[in-house]
Amino acid sequence: AALPYFMPYQTAISLSGLLTFTGNAGNVLSRIKYINIKLIIAPLIGYFAFAAAAILYSIDKADDLLTSLLGILLIILSLYFLFFNNTLKIKPTFVNGLIVGAVAGIMGGMFGIIAPPIVIYSMAVTKSKDEFITTNLTFGLVTNIYSTTIRAIKGAITAEVLLYWLLG
């Protein structure tokens, strides 16, 4: 959320994805025995269906517009977690997984934020703390690979981004 104030928006979003990928890769590997891939199939399908369009939409938009939209999203998320966090219960169905994945795809594609919808969903479908953590990390790892690949193809992964990634 803070990086767009210090660097161009696309640099910030690309860097955020690479840094998250790096952290997730090590954490997923250390928890590999807790992965239940069946829990994230539907959210991944929903994510893949919407993330590419959101990335392609946002790549050529003005930094001011995207930063303003990010601010609005963060306010909405804050209000949700402040007032409705314990009231919304999602049933662990395939369709709900698709919807959660689609919302995560739009949020991830435009802002690099996928956690809130997948966390809410995985709270309903996981049976242990380790499965919960690993479900979220695995979803994040797979979606980061997908999003970073699209950004690289569209030229958003620049030498500057790679240098910041190495520093990070």
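1. Burial first. Of the 168 residues in the protein, 41% are buried. The model is predicted, and the points below should be read with that in mind.

2. Fold content. The protein has seven helices and zero strands. Read from the N terminus, the order of elements is α-α-α-α-α-α-α. The radius of gyration is 16 Å, close to the 15 Å that the globule rule gives for 168 residues, so the protein is as compact as a globular protein of that length. Along the principal axes, the C-alpha atoms fill a box of roughly 40 × 35 × 25 Å.

3. Contacts. Residues 24 or more positions apart account for 82% of them.

4. Surface and charge. The accessible surface is about 9100 Å². Carbon and sulfur atoms hold 70% of that area. The side chains include 10 positive and 6 negative ones. The centres of these two sets are 16 Å apart.

5. Helix H5. This element spans residues 115-125. Its buried residues are Pro 116, Pro 117, Ile 118, Ile 120, Tyr 121, Ser 122 and Val 125. What covers them? The cover includes helix H2 (41-59), helix H3 (63-83), helix H4 (94-111) and helix H6 (129-153).

6. Thr 11. This residue sits in helix H1 (residues 9-30). Is Thr 11 buried or exposed? Its relative accessible area is 9%, under the 20% cut-off, so Thr 11 is buried. Beyond its neighbours within four places in sequence, Thr 11 contacts Glu 160, Val 161 and Tyr 164.

7. Aromatic pairs. The structure holds four of them. One is Tyr 47 with Tyr 146: the ring centres lie 6.1 Å apart and the planes stand at 70°, so this pair is edge-to-face. The pair links distant parts of the chain, with Tyr 47 in helix H2 and Tyr 146 in helix H6, 99 residues apart. Tyr 47 is buried, at 1% relative accessibility. Tyr 146 is partly exposed, at 24%.

8. The rings of Phe 48 and Tyr 146 have centres 4.6 Å apart and planes at 50°, so the pair is tilted. This pair also links distant parts of the chain: Phe 48 belongs to helix H2, Tyr 146 to helix H6, and 98 residues separate them. Phe 48 is partly exposed, with a relative accessible area of 32%.

9. The cluster. Which residues form one aromatic cluster? They are Tyr 47, Phe 48, Phe 139 and Tyr 146.

Definitions and conventions. Residues numbered from 1 in each chain as written. Predicted model: local features only at pLDDT ≥ 70, side-chain atom pairs only at ≥ 80, totals over all residues. Heavy atoms only, no water. Helix = DSSP H or I, 4+ residues; strand = E, 2+ residues; numbered from the N terminus. Rg over C-alpha atoms; globule rule 2.2 N^0.38 Å. Buried < 20%, exposed > 50% of the residue type's maximum accessible area, 1.4 Å probe, protein only. Contact = heavy atoms within 4.5 Å. Areas by Shrake-Rupley, 256 points an atom, 1.4 Å probe, with all protein chains shown as cover. Lys, Arg positive; Asp, Glu negative; His and termini not counted. Charge placed at Lys NZ, Arg CZ, Asp CG, Glu CD. Phe/Tyr/Trp six-rings, centres within 6.5 Å; stacked < 30°, edge-to-face > 60°.
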